[in-house]
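Thanks for coming. Please bring the model up on the screen, and I will walk through a few of its parts.

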Amino acid sequence: SEDYFKSKYLDPFITLEEGEFYNPQTSKNTSRRLATIGLYKYVSLQYKEIDSSLTDGLGHLEANIYLSSLNKRAVRAELQAVTKSNNFAGPGLNLTTTSRNLFKGGEMLNLTLKGAYEFQAAAKGKGANYSLEAGAKAELIFPRVIFPIPIKTNFFKYNIPKTRTSLEANYLHRSKLYTILAGSGQFGYTWQANRYVHYEINPISINYTKLFYTSAAFEEVLNQNPFIKSSFDQKLISGLTSSYTYNGFIDTHKTHQFYLNTNLEVAGNSISLLSRTNKEGDKKRFLGLEYAQFAKADLDIRYHLNLRKDRILAFRAYGGYGHAYGNSDIVPYIKQFYSGGPYSVRAFRIRSLGPGTFNEEDNPDINYFDQTGNIRLEANVEYRFPIYSFLKGAVFVDAGNVWNSKPNDMYNGKDKFTSNFIKEFGMGAGVGVRIDVQGFVIRFDLAAPFHDPSLPKGERYNFDLNNSVLNFAIGYPF
């Protein structure tokens, strides 16, 4: 039947990226390639019943797939509007150009330019702070494995693997504070092992930051806070990253659906073999640059229980840990965890929760920076239900926080992870409205905290509607 044919052969079409698909043959193996990745788009699928007398009465269907070529070049523009908890707001613009079949082998080149300007809405005149950001990125994707040793193509039985290379540079100027330049590069592979499992491995991942300008006021802050000063030191981060994803949400008809994602990053080990120390007590350097050594891992588990028509009970648990060693005393600032925001604990603004029981009033200088830690734990539960047509609703409860395994003076020791960590969760509850049009979701979540770990003991449980947070985001939180 047509339904049987769809369930047996067409699932790969649904789960693949645009331009990727395979030949649903009459044989059991559905992994043979039909076209080069990125050159064609799926247009329509038509069925024709084969005369049963030619197939011994089995009633086979003939599937005809009609394709049209994608444009060789494309341009995409994204306009953004940003508001932050520190009263900064402003516009942003991203421009991306795509060139397909660059070297006549299905290659794809993406070039991106971005810019953003933010100003402190609450301040006026010359005393107002502002932030200016600009960046450029080049990404080249090959629909095959580029490796010194030949790899048999039948190793990738389900999906054509991709080799990704990228270079990126970013400039950030914050008035009255600092100017920083950051660069990064990656080389790695991605492939789909089956319709559920996706791998990504980047054996080369490099990041470098350089502080070009600091104001006198900012220098004073750095001198008073060794933790922040170490975070802004120019460092080379070079290592390996890997990711494993199991996505069972593609089986939308199933009652029980599971999702799992885990990431691992290890930096500094290989270049430590080639580094040297200039003098006793100094950090080791590679090509004259101080480098970071750390390991970082996280685990994201999600479960959806489909109750009945568009009614879902969704659960999520997240844990992450980073460990600095060797040439580093702390995990680099840009690699640390944060909590709060539209995809985290929604009753707290992004990067404003924790670490531990820290309250920003204890150290006003922390307002310059995000509140981060090397340990992160979170849990969420959400009930989703239909309202009318494409309008959906939700009620939810979130909990989580970040901590440091070693206390830092700038947080007055309140950031240390202890056995009482559950009592230090920031907790909130709220309601949401989502506009869901064929999988494109615009989400509004209103949440209020009912347990704030930054408050004194005995005052933490309080459903504070006056400090509600409205989150606007694209896509479901989990």
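Predicted model: local features only at pLDDT ≥ 70, side-chain atom pairs only at ≥ 80, totals over all residues.

Residues are numbered from 1 along each chain as its sequence is written, and side-chain values use heavy atoms, with hydrogens and water left out.

Helix H2 covers residues 216-224, and its buried residues are Phe-218, Val-221 and Leu-222. Down the axis of H2 these buried residues fall within an arc of 100°, so they line one face of the helix. That arc is taken from the directions from the helix axis to the C-beta atoms. Ala-216 and Asn-223, on the other side of H2, are exposed. Buried means under 20% relative accessible area, exposed over 50%, and partly exposed in between, with a 1.4 Å probe and protein chains only. Helices (H or I, at least four residues) and strands (E, at least two) are DSSP runs, numbered from the N terminus.

Which residues are in the largest nonpolar core? There are 10, among them Tyr-178, Phe-218 and Leu-222. Strand S8, H2 and helix H3 each supply at least two residues of this core. Such a core is a set of buried Ala, Val, Leu, Ile, Met, Phe, Trp, Tyr and Cys residues joined through side-chain atoms within 4.5 Å.

Tyr-178 and Phe-218 also form a tilted aromatic pair, 5.1 Å centre to centre with 45° between the planes. Tyr-178 is in strand S8 and Phe-218 in helix H2, 40 residues apart. Rings of Phe, Tyr and Trp (its six-membered ring) pair if their centres lie within 6.5 Å; planes under 30 degrees apart count as stacked, over 60 as edge-to-face and the rest as tilted.
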